[in-house]
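User: I would like to go through some of the labels used for this model and see what each one rests on.

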Amino acid sequence: MDITIILSERGKGLALVNLYKYKLIGERKKDNLLRWRCTNNKCSTIMFSGLDKRKVIETAGQHNHDKNSIEKIETQVLRENCKRKAEESISTRPLKIIRTELLNSSSTSNLNNQNVLILLFS
């Protein structure tokens with residue numbers, strides 16, 4: 001399985017695999033694999049990947065919750081991209097940044113007006 005790295009709301013890297021998000025816990029010393037844990041605090045699923053963060057090597061446990069929706073993931077990615085752009089260019093209007101990101105992003109096909117409103121007022 002392939003891993004997609006996205007940014008969390010705090011700017012940390014999250015691994016996205018099959019619509020489940022994982023946070024990096026650390027490195028397993030015996031075989032130099034990265035250890036990831038599900039971001040849902042009530043779930044104890046663990047995943048191991050190589051140091052390059054590209055492929056899942058091993059998983060332990062089963063998720064006890066539903067997958068994240070595609071809309072939720074796309075909204076998070078769009079929000080973090082807008083935050084990063086706003087920090088880079090503080091003189092640009094927020095609405096212009098959001099419009100530009102919506103036009104430039106290829107993964108916003110599942111977003112609807114409600115998601116964009118949430119992004120505007122969050």
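Analyst: We can start with the sheet. This is a predicted model, and in it β4 and β5 pair in the antiparallel sense over 4 bridges.

User: What makes β4 (33-38) and β5 a pair?

Analyst: The cut-off is at least two bridges between the strands. β4 and β5 have 4 bridges, so they count as paired.

User: Which way do the side chains of β5 point?

Analyst: Ile46 and Phe48 point one way, Met47 and Ser49 the other, and all are buried. In a regular strand, side chains alternate between the two faces of the sheet.

User: Why is the charged end of Arg28 said to sit over the ring of Phe48?

Analyst: The distance limit is 6 Å from CZ of Arg to the ring centre, and the direction must lie within 35 degrees of the ring normal. The charged end of Arg28 is 4.0 Å from the centre of the Phe48 ring, and it is listed as sitting over that ring.

User: How many aromatic pairs are there?

Analyst: The count is 0 aromatic pairs. A pair would need ring centres within 6.5 Å.

User: What makes the phi of Leu19 worth a remark?

Analyst: Leu19 has a positive phi of about 65 degrees and is not a glycine. Most residues other than glycine have a negative phi. Leu19 lies in the loop between β2 (13-17) and β3 (20-28). Asn32, in the loop between β3 and β4, also has a positive phi, of about 55 degrees, and is not a glycine.

User: Why is Leu19 called partly exposed, and Leu78 buried?

Analyst: Buried means under 20% relative accessible area, exposed over 50%, and partly exposed in between. Leu19 has 27%, so it is partly exposed. Asn32 has 41%, so it is partly exposed as well. Leu78 has 4%, so it is buried.

User: Where is Leu78 found?

Analyst: Leu78 is in helix α1 (residues 70-88). Leu78 and Ile98 are 20 residues apart in sequence and 8.2 Å apart in space, C-alpha to C-alpha.

How values were computed
Residues are numbered from 1 along each chain as its sequence is written. This is a predicted model: local features need pLDDT of at least 70, side-chain atom pairs count only at pLDDT 80 or more; totals for chains, interfaces and linings use all residues. Side-chain values use heavy atoms; hydrogens and water are left out. Helices (H or I, at least four residues) and strands (E, at least two) are DSSP runs, numbered from the N terminus. Buried means under 20% relative accessible area, exposed over 50%, partly exposed in between (1.4 Å probe, protein chains only). Rings of Phe, Tyr and Trp (its six-membered ring) pair if their centres lie within 6.5 Å; planes under 30 degrees apart count as stacked, over 60 as edge-to-face and the rest as tilted.
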